[in-house]
Amino acid sequence: SLHDALPIYLARFYAVSKPEQIAFHFFSQISDPQCITYRELWLRSAALSQQLREKGLEGERVVLAIAKSSDFVFAFFACLMAGAVAVPSPPVCRKRFAERLHLLVSDSQAKAIISDSDETMASLSTFNLLTFDCSTLWVDDANIAVLAGCWQPPVLMPSSLALLQYT
């Protein structure tokens, strides 16, 4: 069915049927390629998804200001799995980006941000946002497994948004 073809259900299917198969490769000019297996994709994304839902973010906009590619993938899938609306943005590295991020947060009516940048988090201190810091999200494997085990599918409607992309 179409429902089973959604990315979250495909990720779950492969996490169970082919857990060690590579889901994503990330290439860098300065280091060896990084790989994410379907098991890792599922566990980390489901764990963060559960945290988003526990904070009442289903159907809400969540800004993803993440530089590290693998963390962005986990956060994006977590938003899909939580029924939250992912709002991607570059992390803050210059004043111009901070101003753009402020406009994006205001215009999108974001309720939370997931970031791997202290500078990004600091630039948004005047906003009343729930914050999720990538440096602390996936450090406890036991907690990741417990949270992932609690995952429940979001309630999705034909009108549900998955992504709000600003250009």
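Visitor: What makes up the largest nonpolar core, and which members touch the most others?

Guide: This is a predicted model. Its largest nonpolar core has 39 residues. Leu41, Leu48, Leu52, Val62, Leu64, Ile114 and Phe132 touch the most other members.

Visitor: Which helices and strands each supply at least two residues of this core?

Guide: The helices are H1 (7-17), H2 (38-54), H3 (69-82), H6 (134-137) and H7 (141-149). The strands are E1 (22-26), E3 (61-65) and E5 (112-115). H3 gives the most, with nine residues.

Visitor: Leucine 137 lies in helix H6. Why does leucine 137 count as buried?

Guide: Buried means under 20% relative accessible area. Leucine 137 has 12% relative accessibility, so it counts as buried.

Visitor: What does leucine 137 touch?

Guide: Not counting residues up to four places away in sequence, leucine 137 touches Leu48, Gln51, Ile114, Phe132 and Ile144. Leucine 52 is 85 residues from leucine 137 in sequence. In space, the two are 12 Å apart, C-alpha to C-alpha.

Visitor: Now to serine 45, in helix H2. Why does serine 45 count as buried?

Guide: The cut-off for buried is under 20%. Serine 45 has 0% relative accessibility, so it counts as buried.

Visitor: Which residues are in contact with serine 45?

Guide: Leave aside neighbours within four places in sequence. Serine 45 is then in contact with Glu40, Val73, Phe74, Phe77, Ala78 and Met81.

Visitor: Why do we say that the buried residues of H7 line one face of the helix?

Guide: The buried residues of H7 are Ile144, Leu147 and Ala148. Seen down the axis of H7, they fall within an arc of 100 degrees, so they line one face. On the other side, Ala142, Val146 and Gly149 are exposed.

Visitor: What covers the buried residues of H7?

Guide: The cover includes H2 and H6.

Notes
Residues are numbered from 1 along each chain as its sequence is written. This is a predicted model: local features need pLDDT of at least 70, side-chain atom pairs count only at pLDDT 80 or more; totals for chains, interfaces and linings use all residues. Side-chain values use heavy atoms; hydrogens and water are left out. A nonpolar core is a set of buried Ala, Val, Leu, Ile, Met, Phe, Trp, Tyr and Cys residues joined through side-chain atoms within 4.5 Å. Buried means under 20% relative accessible area, exposed over 50%, partly exposed in between (1.4 Å probe, protein chains only). Helices (H or I, at least four residues) and strands (E, at least two) are DSSP runs, numbered from the N terminus. Contact means heavy atoms within 4.5 Å. The arc is that of the directions from the helix axis to the C-beta atoms.
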